[in-house]
Amino acid sequence: MQSPVLVLKDSLTRESGTKVHHANIQASKAVADIIRTTLGPRSMLKMLLDASGGIVVTNDGNAILRELDIAHPAAKSMIELSRTQDEEVGDGTTSVIVLAGEMLHVAEAFIDKKYHPTVICRAYNKALEDALAVLDKISMSIDVNDRSMMLGLVKSVIGTKFTSQFGDLIADLALAATTIVGIDLGQGIKEVDIKKYIKVEKIPGGQLEDSKVLKGVMFNKDVVVPGKMKRKIINPRIILLDCPLEYKKGENQTNAELVREEDWAVLLKMEEEYIENLCAQILKFKPDLVITEKGLSDLACHYFSKAGVSAIRRLRKTDNNRIAKACGAVIVNRPDELQESDVGTGAGLFEVKKIGDEFFAHIVECKDPKACTVLLRGASKDLLNEVERNLQDAMSVARNILKHPKLVPGGGATELTVSATLKQKSSSIEGIEKWPYEAAAVAFEAIPRTLAQNCGVNVIRTMTALQGKHANGENAWTGIDGNTGEIADMKELKIWDAYNVKAQTFKTAIEAACMLLRIDDIVSGIKKRQAPTQQSKPTIETGEDADNEQMIPE
C-alpha cells in the first residue's frame, strides 16, 4: 500500500493531514494483522525466509517482525515497538502490537469526525494512568523462593509458545539458569544479567529431553596438546590470562642486524628464556589448568605439559568472563602480577567431552557459580533456534519476577477488568475527551477477542459472556482458557502474567498509538533515482511515469 508522501509546496492543506492519519492507521493495522494469529497457546506458526536464504519457523512476534522488510514509516515504527518490548521485558511482543493496532483502529472514527489528535491523545493518556492503577489493584505478590509457584508462572508464560508441548522442560531450564546467576544487591533487590552470564549452547542431535543447565561453564575448545595434557581434572586450580604466552613481537616492523653467527644463537636463547620465565611465573602457583584469550607458543606448551598442566588458548573474552564468575578466578593481564587470590578453586571438575563431532571443555560442579551454560539438544537447527528463542523469553520472565515479584491474571482477564473499570469511569469524564476515553476502554478487549479467535470458538458469544462476568469490575480472575476457548478462573488454571510485562505492554502500546496519531504530514527526503546519462534523445515523462518511478531504499 502506497503511503501519501507529501512534497513541500506552498499550498499544504488540512485534508492531507487526515489522509496521512488514515494511511498510518491502515499500515499499523496491517502489521498487527500479520501477527494477530500468533497470540495464545493455540496460535499459528509463521515460516519466514531470512536475508541469507535460511528459514525461520516461529510464533514469536518479535522474531517475525524482525525479518519483515517494510517501507512504510508508520509500519516501521510499529515493528520497533516489538523490539523495545523484547529488550525491556522479553515477553508480550505480540500483545503490544495487537493492542497498539487496536488503539489506532478505534481512533480512526474520531479522526473522521474531525476530532483533534491532541484531544484523542489526552484521553488515551488518562486511560493509561487509570489502567495502571487497575493493574496495581488486581496484582498479587508472590514469594520468589516458592519454586512450584515460580515454575507455574514461567510455564504459563511459555504456554503460548511452540515449546509448550514439551511440558515443564523449558520452564525448569529457565528457572534453574536465572536462579544461578541472580546476584542479591541487598534491600530485596536482585540483579540477573541473562546476556552476560548465561550462555546457550545449541548442539544438534540427541533428544530435547537431554537438555540441561550446567552448574558451571562449557565452551567449544579442546586442550592444546591432546596427547600430553590431561582431559579430566578433579578440583582443578584454574588460572585465567588475558595475554599471549609467546615471544613479544614488535609493534611495527623490527629489524635486527646480526654481525656474528653466535649472536643468532643468543637471540634465540633470549626468546626461549623469555617464554621460560613467563611459564615459571605461572607454574609457581601450581595450577592444573591455564586458559588464555591470546596465543600460546609451542615452547610454552612444552613447559606446561612437562609440569602436568593442561592449557587452552584463544578463548573468547565473554567465555573467559563466565569462567571467572563460575570458578572464582580473576582474569590477569600480566603473569608477573599473579597472586594466590587470582587462582580459581571453585570448580569441582574440568573435563573435555566429545559431543557429536566436536570437543567441548566443561568446567562444572562449581561451589557457588554466578554464571552457567544451558545445553540444548534437539533434532534440527530450526527446532533448536525456536527452543532458544522460547528459552530467552522464559528466562526474561523469571528475571522480571525476581526483580518485581508481582503477578496479574493471564488469559485476557486483566484486559477485560481494565476495560470494564475504564467504561465505568468514562461516565464521570466531562467534555469531548469522554468518547476517545471510552473507545480506549473498548480497545483493551482486542487481546481476549484475539485469544478467542485463535481458539476457534464463537467469538461473539464468548466475549458477551466474559463482559457480563466482568461488568462493574468484578471477577478479575475470569478469562479464556487458551487451549479450549472456555471461560475459566485463571487462578485455578494457574495462568498468570508478570506485572511489569503487562504494565510495559500497556505503556508502549498507548504511547506509540499517541505518537502515530500526532503525525499529520510525511515529508519525503529521499531523492529519486537518476538514470545513467546517455547520448540518446531525452524522453518526455508523463504524469503516470513519474508516479511509478521507484524510490531508493534507505
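This is a short talk on the overall form of one protein chain and on a few of its residues.

The model is predicted, so local features need pLDDT of at least 70 and side-chain atom pairs count only at pLDDT 80 or more, while totals for chains, interfaces and linings use all residues. Residues are numbered from 1 along each chain as its sequence is written, and side-chain values use heavy atoms, with hydrogens and water left out.

First, the whole chain. The protein chain has 19 helices and 20 strands; these are DSSP runs, helices being H or I with at least four residues and strands E with at least two, numbered from the N terminus. Its radius of gyration is 30 Å, well over the 24 Å that the globule rule gives for 554 residues, so the chain is more spread out than a compact globule. That radius is taken over C-alpha atoms, and the rule is 2.2 Å times the number of residues to the power 0.38. The C-alpha atoms fill a box of roughly 95 × 80 × 40 Å along the principal axes. Of the 554 residues, 50% are buried (buried is under 20% relative accessible area, exposed over 50%, partly exposed in between, with a 1.4 Å probe and protein chains only).

Now two loop residues. Most residues other than glycine have a negative phi. N235, not a glycine, has a positive phi of about 50°. N235 lies in the loop between β9 (232-234) and β10 (238-241), and is exposed at 54% relative accessibility. E365 also is not a glycine and has a positive phi, of about 55°. Its loop runs between β15 (358-364) and β16 (372-378), and E365 is exposed at 53%.
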